[in-house]
Amino acid sequence: TWGKYIKMESVNHSIYPRAEIAAADAVAKAFVDKTPTMVEYPFKFPELRPYEVRLRVTYTGLCHSDVHTVKSEWYDAQYPIVPGHEVLGVVTHVGPEVKNLKVGDRAGFGPLRYACDNCDNCKRGFTQLCNVDVAPDAHYLYDPYFGGYATHIQGPAKACVKIPASLPDDRTPPLLCAGLTVYTPLIRYVKAGDNVGVIGVGGLGHLAIKYAKALGARVTAYTSRVAEKKDELTKMGADEVRSSVDLDDLKAGADTQHFVINCLYTNNNAQMNAYLSLTKRGGTFCQVAVPPRGEGMNINVAQIVMGQIQFVGSLIGSIKDTEDMLEFSAKHNILPDCEIFEWEDWPTAFSKCEKGSAKYRCVVNCENYAKKHGKN
């Protein structure tokens, strides 16, 4: 699909009109269909709203939810679409109503774009669950607005957070989604001394190990590649590494974990039942991975009731959770393991993210390209 020829003149967006590169405010990597086909898209920003900021993007992370979205696996995406919700950069423009940021600040956007701040969910601190129509804005960072696969990004300042000085530019972006996604339920449910099981040790799971360990938990990592990953997962903080696919091994670990975080999805009933069985009676099983639409997961209700297991979901986190997560990460020196790519290597980075073959997250350097093309 990367070699597919797209006539650039046929690609345009209602909010971000295409421009000649010399006149463009920024350049993005846009997807024009669910194949997915990626093209370079120079564009103009709309006028900066009073409550918005614009960032020059230094590094941006790739998330598997980007893959689901551009392939319309969760819903019908609006094309052309520019994904990316792990975005780190430097503030270049500030609207007159903005109080939390100034030009020159190092800051970042995660998955959230806007919340009403007045609904019951927002007032309870769950801005990620805001269910009020916020048009002309949107709840999530991209679609219809452009995300971070670009040299610059513009959005509401209240969703843009300052980055602690000790966190490096190149490895921080994945914290803004992957880190937040696992930190939030762990900080909510886990206390020192708990046994924590992490199922699926990829981009999410390897960070869950690090956060759980920092919280004082005893961590068991469940992976399909025990022999290959045991040493590195132990170095990350896992006290034990066991199989996520061997049913006998899973059954042997039944009723051992106070808290289980599942970073996988499966429609294999026996496997899912075995995952649930890891949870101690009265414990909590947390699902953070979401399958494509049309793919379900069968949950054994009797298993939940008879074991008095709390089966919970967790959706990223609020802006306050994001700020807390970044401070916790800085304090405990928690960073993702990443592969870093240049702008020219976007196809390789996206392909690795799509196949789940990255070790463990993909991050693209956007500022080098911007400097070469006068967009800095």
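The entries below go from the overall build to single residues.

**Ground rules.** I'm working from a predicted model, where local features need pLDDT of at least 70, side-chain atom pairs count only at pLDDT 80 or more, and totals for chains, interfaces and linings use all residues. Residues are numbered from 1 along each chain as its sequence is written, and side-chain values use heavy atoms, with hydrogens and water left out.

**Overall build.** I looked up the secondary structure and got 11 helices and 15 strands. These are DSSP runs numbered from the N terminus: helices are H or I with at least four residues, strands are E with at least two. Next I checked the radius of gyration, taken over C-alpha atoms, against the globule rule of 2.2 Å times the number of residues to the power 0.38. For 376 residues a compact globule would come out near 21 Å, and the chain has 21 Å, so the two agree. The C-alpha trace spans about 65 × 45 × 35 Å along its principal axes.

**Contacts and burial.** I took contact as heavy atoms within 4.5 Å. Of the contacts between residues at least 6 apart in sequence, 72% join residues at least 24 apart. Buried residues account for 57% of the chain; buried means under 20% relative accessible area, exposed over 50%, and partly exposed in between, with a 1.4 Å probe and protein chains only.

**Cores.** I then asked which residues have the most contacts inside the largest nonpolar core. They are Leu62, Phe109, Leu186, Ile209, Tyr211 and Leu233, in a core of 96 residues. There is also a second, separate core of 12 residues, which includes Tyr222, Leu250, Leu276 and Ile304. A core here is a set of buried Ala, Val, Leu, Ile, Met, Phe, Trp, Tyr and Cys residues joined through side-chain atoms within 4.5 Å.

**Helix H4.** Is H4 (residues 205–214) mostly covered or mostly uncovered? Covered: 8 of its 10 residues are buried. Among them are Ile209 and Tyr211, plus His206 and Lys210. Just after H4, Gly216 takes a positive phi of about 90 degrees.

**Strand S8.** Gly197 sits in S8 (residues 195–199). Gly197 counts as buried because its relative accessible area is 0%. Its C-alpha is 6.3 Å from that of Phe259, 62 residues apart along the chain. Not counting residues up to four places away in sequence, Gly197 touches Thr220, Tyr222, Gln257, Phe259, Val260 and Ile261.

I found a cis peptide bond from Ala135 to Pro136, with omega near 15 degrees. Pro136 is in the loop between helix H2 (120–123) and strand S6 (152–156). The bond from Asp143 to Pro144 is cis as well, with omega near 15 degrees, and Pro144 lies in the loop between H2 and S6. Asp143 also has a positive phi near 70 degrees, though it is a residue other than glycine. At 12% relative accessibility, Asp143 counts as buried. Ile316 is not a glycine either, yet has a positive phi of about 35 degrees. I placed Ile316 in the loop between strand S13 (310–313) and helix H9 (319–332), and at 9% relative accessibility it counts as buried.
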